[in-house]
Amino acid sequence: MPSDPPKNRYTVYGMTVETWIPFPELQPAEPGDAVDAVFRLGEVPAELPGCRQRGARFQAAPGRLLAWLDQVARYLSVEGREIIVQPEPGAVESDLRLFLLCSPIGALLLQRGVLPLHASAIATPRGAAVFMGASGAGKSTLAASFHRRGLRVLADDISVVRFAPDGVPWVMPGLPQFKLWPDAVARLGPSAGEPARLRAQIEKRSVPFWDGFHSEPLPLAHIFFLRPSGKRAAEIEPICGIDRVAPLLRNTYRAQFVSGLGLAAGCFGAVTRLAAAVKVTRVSRPAEGEPDLLADLVAAEAGL
């Protein structure tokens, strides 16, 4: 009888995951680490029984999230325990991995009761500094600017917050990989080499940063909420009290899934706890601003 394929184990967002294929984007797990979640091949339904919420490429129900991408795969995130993958014929393996680490893992994290933010995070002497914002706000570019200055990076694009028993929020290490447009890659200099495209169809590039990866959790010290501005210069201002809640809710990763998953109350509770525990600062960024000048402004505010 044929032997079972070897298991691949990695650590990401505070979880040890077991996968059916190698995930070179992820950090290998330590031998003997207990498995928290499994990524495996299997049959995935085209419709989700008990669906409470539908979107362009997802259906959500308590304990289940169905997501799909044409010509790639259908994914089913189940109870925070597993992601089942049914590839489309001819699907490219790198695409299977790329999209699993987007909506499906976002749903899995929400199901596990942690708070994923649409954010990048760097390690500072005071703890983790998180750069939160919508797509295109400059999160990855800002984190890459600090990486070039010698600071280590915990995560790009998704920063996962977990509360310790004493109530302190901690940021879990994510993927040691930036997702950058070519102009941002060029600012990293020759050390970035010739990064591969995330997909053949798009210009955005994958830039690993293993040497600059901070692979241990850090207490969350400061959140910077980045937003584009029509002004000529960057501006920075604190967000106080209850006004912190709305941007944190908006920038919860895959917040559109929360209601259908039946997790609205828990997610709102986590956001309000975080709003009360951490300093949040709004950074208004001009569209044509110089990233290094923005990094200088943020560094001064963060005491770097």
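S145 counts as buried, at 2% relative accessibility. The cut-off for buried is under 20%. This is a predicted model. S145 sits in helix α3, which spans residues 139–148.

Leaving out residues up to four places away in sequence, S145 touches P291, D292 and A295. One of these, D292, is 147 residues from S145 in sequence. In space, the two are 6.6 Å apart, C-alpha to C-alpha.

Helix α2 covers residues 103–111 and is mostly covered, with nine of its nine residues buried. The buried residues are S103, P104, I105, G106, A107, L108, L109, L110 and Q111. Just after α2, G113 takes a positive phi of about 85 degrees.

V114 lies in the loop between α2 and β10 (115–124). V114 is buried, with a relative accessible area of 11%. E216 is 102 residues from V114 along the chain, and their C-alpha atoms are separated by 17 Å.

## Two nonpolar cores

In soluble globular proteins, nonpolar side chains tend to be buried together. Here, the largest nonpolar core holds 36 residues. Within this core, L65, L115, L220, I223 and L274 touch the most other members. A second, separate core has 29 residues, including Y13, L26, A37 and Y253.

What does I223 contact beyond its neighbours within four places in sequence? The partners are V130, M132, L248, L274, V278, K279, V280 and T281. One of them, L274, is also named among the core residues that touch the most other members.

## The nine-stranded sheet

Nine strands form an open sheet with mixed pairing. Their order is β3-β1-β2-β4-β9-β8-β7-β6-β5. β3 (27–28) and β5 (53–54) stand at the edges. Each has a single partner strand, so one side of each is left without a neighbour in the sheet.

Strands β7 (residues 64–69) and β8 (residues 73–78) run antiparallel and are joined by six bridges. A67 stands opposite Y75 in β8. The loop between β7 and β8 contains Q71.

Most residues other than glycine have a negative phi. Q71 has a positive phi, near 70 degrees. D157 also has a positive phi, near 80 degrees. D157 lies in the loop between β12 (153–155) and β13 (158–163).

Are these residues buried or exposed? Q71 is exposed, with a relative accessible area of 69%. D157 counts as buried, at 17% relative accessibility.

## The second largest pocket

The second largest pocket has a volume of about 230 Å³. It is lined by 16 residues, and the closest to its centre are E25, L98, Q177, K179 and L198. The elements that give two or more residues to the lining are α1 (93–100), β15 (177–180) and β16 (196–197). The largest share, three residues, comes from α1.

What is the make-up of the lining in nonpolar, polar and charged residues? Seven are nonpolar, three are polar and six are charged.

Notes. Residues are numbered from 1 along each chain as its sequence is written. Side-chain values use heavy atoms; hydrogens and water are left out. A nonpolar core is a set of buried Ala, Val, Leu, Ile, Met, Phe, Trp, Tyr and Cys residues joined through side-chain atoms within 4.5 Å. Buried means under 20% relative accessible area, exposed over 50%, partly exposed in between (1.4 Å probe, protein chains only). Contact means heavy atoms within 4.5 Å. On a 1 Å grid over the protein atoms alone, a cavity is a set of points where a 1.4 Å probe fits but cannot get out, and a pocket is an open set with protein on both sides within 12 Å along at least five of seven lines; lining residues have an atom within 4 Å of a point. Grid points are joined across faces, edges and corners, and a volume is the space filled by probe spheres set on the points. Helices (H or I, at least four residues) and strands (E, at least two) are DSSP runs, numbered from the N terminus. Ala, Val, Leu, Ile, Met, Phe, Trp, Tyr, Cys and Pro count as nonpolar, Asp, Glu, Lys and Arg as charged, and the others, Gly among them, as polar. Two strands pair if DSSP finds at least two bridges between them.
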